[in-house]
Amino acid sequence: NLFDAIDRGAIKAVWIMGTNPAVSMPEGNRIARALAACPLVIVSDVLAQTDTTAFAHILLPAQGWGEKNGTVTNSERRISRQRAFMPPAGEAKPDWWLIAQVAQRLGFHEGFTWTHPAAIFREHAALSGFENNGQRAFDISGLAGMSDAQWDAMKPVQWPVNARYPEGCARLFSDRHFYHPDGKARLLPPATPQPVVCETAYPLLMNSGRIRDQWHTMTRTGLVPRLMQHCDEPFAALHPQDAQRYGLCAGALARVQSDAGWVTVRVTLDSGLRRGEIFVPMHWNRQFSLQGTVGGLVASTRCPVSAQPAFKQTAVRIHPLNASWQGWLWQRDASPPDALRYWARTPHEG
């Protein structure tokens, strides 16, 4: 993939837009190593400080969602106009403008003469019908002739939009026509994912996912104090019996490790979890926790059909982390394991 090629030195320059791969990609330590060694890293982002912008040789100020003017398409194939509701901050520019300016300076002026997002949409619509001949469901060539005013006033519509479906198509395949030469469907068996094998060295199955008040890699939600009040640090949740087995209690620091890396997290107990499994949230990055990025643990196992990484499950081990700055506080009138609580102290407090 892309980062494999960067790591090998086959790709010398990369331009990253609207994503934070140093946190979100599996085998995050390898991704960071590849970006650190890449001769030219360009990043377009709405934030100056993220784990990915830290590797940028050139950092371009991009417009945020509420500052953009264009279209969006949701999971039911509905194309809608998106209008900016805030002025852009500082010198922030839309991604299409940045791409066009760079392309023109590289000598490709004729192919990147856009001056308005409507022109890009018309080109996109025309390309969807190019050499299609009814072979692809995505075809919005019926919108390729829109004027700027028509594009600006466009009402939501579900693709395909073409000579066959001039008003769009709310439900695909209702006429039993499928996008193959004979019009018939092709039923394919789903690819069987490789099971995660928990062996002696890594006996636990780590599940990863979202928590209630954070989004993706916390680049914006992590800056909202109210959202940080829910969970303010990375954690590993595990069944109380598993915690006892591995010498852990609520509030303890622990190291979770796979064959790809490790993270430092706070232990929480959850009797609703299955034995032999732990949960570690996906959100934390090096802006908030230097050793809390769960992507560093996840292997780059991919679906053989879609190439989607298997983010959610990884074989790991867990053990207590006895930090020198952390001591024990005995709480009277409490029964184990709640009787022992960690407390932080500065070195001079003895």
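Is Cys38 buried or exposed? Cys38 counts as buried, because its relative accessibility is 3% (buried is under 20% relative accessible area with a 1.4 Å probe and protein chains only, exposed over 50%, partly exposed in between).

All views show a predicted model, where local features need pLDDT of at least 70, side-chain atom pairs count only at pLDDT 80 or more, and totals for chains, interfaces and linings use all residues. Numbering runs from 1 along each chain as its sequence is written, and side-chain values use heavy atoms, leaving out hydrogens and water.

**View A. Cysteines without a bridge.** The disulfide count here is zero (a disulfide being a pair of cysteine sulfur atoms within 2.5 Å). Take Cys249: the nearest cysteine sulfur belongs to Cys231, 18 Å away. Cys249 is buried too, with a relative accessible area of 9%.

**View B. Helix H4 and its neighbours.** Helix H4 spans residues 95–105, and its buried residues are Trp96, Leu98, Ala100 and Ala103 (helices are DSSP runs of H or I with at least four residues, strands runs of E with at least two, numbered from the N terminus). Those buried residues pack against strands S1 (13–17), S2 and S3 (58–61), plus helix H5 (117–129) (contact means heavy atoms within 4.5 Å). After H4 comes Gly107, with a positive phi near 100°.
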